[in-house]
Amino acid sequence: MTLRASQWAGLSLLIGLMLFSVLGITLSPYSISQQDLNAILVPPNADHWLGTDHFGRSMLSRMAHAIGLSFALGILCVVTSALLGTALGVTAVWAGKRVDQALAILVNILLALPGLVIVLLFAAIAPGSFWVLYIAISLVQWVEYFRVTRAITQGVIQSPARQSSNMMGFGTWYQFKRHIWPAIAPSVFTLAAFGGANAILTMASLGFVYVGIQPPLAELGLMTVELFPFYSEAPWLLAQPLVVIALMVFGFHLLAGKRA
Amino acid sequence: MKALLLKRLLQLITVVWGVGTLTFVLMRSLPGDMAYRIAASRYGQDNVNSDAAALVREELGLNQHPLEAYWHWLTDLLQFNLGNSMVSGLPVIESVQHMLGHSMLLAFAGLMVSILIAIPLGLLSAWRGNPLDSVLMGLSSAIRAMPVFVIGVLFVLLFALHLGWFPVAGYGTFAHLVLPAVTLALSLAAVSNRVVRDSAKQTFRAAFYQFSKVKGLSTWQTFQRHGVRNIAVPVVAFFGIQLVSMIEGIVMIESLFSWPGIGHGLAHAIFARDIPVIQGAALAMGVVFVLLNTLVDLLCLWIDPRGVEQ
């Protein structure tokens with residue numbers, strides 16, 4: 001697959017953020033909850049490269065951990081929902097009408113509520129749990145892959161090329177790899193890039209309304225709320241999570257290339 | 001038309017069933033004995049003993065079989081018997097009505113402003129083409145990369161804290177409505193101006209459009225007779241898709257600006273684990289979502305009677 005210049009830009013932006021996160025987590029001498037009450041709300045300096053927050057915790061460590069958490073969730077959700085959605089989308093067409101109808105009912109149930117409301121309801125069951133967030137977001141996102149894959153596969157299944165492959169006795173996996181995957185790959189890729197952005201956004205949104213990841217963990221949306229009261233003393237602190245969220249989402253959007 | 005309405009009706013039933021089941025699971029999965037918890041909130045932490053808990057259990061039928069309890073839960077739901085808030089003790093249905101009204105006001109204002117932004121800008125970039133087109137598209141990409149609450153926070157910082165033009169948060173006067181509505185509008189318009197632009201571009205290039213110009217209609221007449229309706233179909237259909245982001249945006253914006261609407265209520269109820277209110281708020285959102293979707297379907301059918309594109 002060849003990437004366009006803007007897609008390379010998006011990819012480098014994301015890799016840069018990821019590197020920052022990995023290096024920050026491994027090299028920073030401070031943990032995310034280690035307080036230094038003599039250095040509260042200090043501006044960036046030699047000891048604390050990004051300054052410290054209202055509890056004297058190193059912002060560098062916290063930002064690195066928060067970015068890592070966001071990427072972990074984004075990538076997990078993308079992989080899970082893409083695998084599930086694509087597999088079920090192809091199965092729905094291939095396995096006949098019964099399966100298709102059963103899956104259609106499931107999809108309609110999930111589409112009956114806005115995604116964020118479903119995630120919020122799940123978050124209510126176990127507040128602050130990363131894994132519940134992961135399950136809820138994946139549950140919402142696989143539907144997109146399912147619908148797109150199903151629509152495209154319907155055409156490919158009927159194509160003479162696929163049918164002659166079938167009659168020549170090629171196996172299911174070969175037919176998928178040779179005929180179906182090339183047709184759906186570009187769409188799945190675009191969806192995955194947008195899905196990554198959406199997963200990160202959803203987690204930040206939940207953190208922002210205080211029902212997502214709970215303190216003292218570092219999470220971008222949560223940090224926005226925590227640092228907001230200190231805006232007039234330390235605007236550079238509030239700017240950090242806001243800028244990073246925008247950069248992450250922008251990176252994924254650039255990577256997607258096409259638009260939703 | 002009939003099939004369309006039937007499909008939406010089915011969706012409405014799934015919403016009620018889905019929300020009801022999820023909140024039932026939620027209720028059951030809370031840690032601790034429910035009877036003790038309710039007794040504690042009724043009689044105070046110090047006065048709870050096993051007699052009080054037994055009394056509550058008997059009165060509320062908490063010793064039912066889970067399936068039986070589930071059945072009761074659903075039948076209550078069908079009678080709009082949503083119970084009382086666990087925190088305030090007020091009937092849920094009343095507070096949901098209140099919140100819904102406020103949310104509708106915000107949603108309507110946001111939608112109107114977003115239409116006022118998106119349609120002129122979209123038409124302008126289709127009409128003028130580059131370089132204006134590129135500038136506007138770049139701008140909308142940049143805004144789209146920002147989550148709703150980041151736009152909101154920036155607005156609060158700029159217009160409320162620095163310039164002091166509008167109140168930071170709250171509800172009451174018209175000035176309180178401005179920032180939340182504009183935030184919502186901007187996040188919606190950043191997506192829909194592209195749809196307007198694409199749709200307009202396609203129409204302007206179409207053979208029938210060129211022909212009506214060639215046969216001598218003025219630019220304005222062509223646009224009025226052959227443009228508006230054709231451009232409108234994808235735009236209105238897209239609004240149905242955008243409903244999701246509108247409701248999600250409302251949840252975030254209401255929490256940010258302390259707007260006493262349904263999203264704010266839902267977030268608060270989740271934080272306080274006030275399950276009847278969670279159920280009521282989620283239910284109201286789901287029902288409104290389905291109703292608005294139906295409205296969009298009907299509108300599409302009215303603009304283009306040949307049938308709705310899926």
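Helix here means a DSSP run of H or I of at least four residues, numbered from the N terminus, while strands are E runs of at least two. Quick housekeeping: this is a predicted model, where local features need pLDDT of at least 70, side-chain atom pairs count only at pLDDT 80 or more, and totals for chains, interfaces and linings use all residues. Residues count from 1 along each chain as its sequence is written, and chains are lettered from A and ligands numbered from 1 in the order written.

UniProt, in an unreviewed entry, lists 9–27 of chain B as "transmembrane region", and 104–127 and 148–168 are among the others. Those positions use the numbering here, feature names are shortened, and annotations may be inferred rather than shown by experiment. Residues 104–127 of chain B are also 100% helix and 0% strand, with ends 34 Å apart, C-alpha to C-alpha.

Now α7 of chain B, residues 148–162. Its 15 residues should span 21 Å at 1.5 Å a residue, and the end C-alpha atoms sit 20 Å apart, so that agrees; the expected span is 1.5 Å times one less than the residue count. There's a bend of about 25° at Val156(B), meaning the angle between axes fitted to the seven residues ending there and the seven starting there. Just past the helix, Gly164(B) has a positive phi of about 65°.

Over in chain A, residues 236–256 are 100% helix and 0% strand, end C-alpha atoms 30 Å apart.
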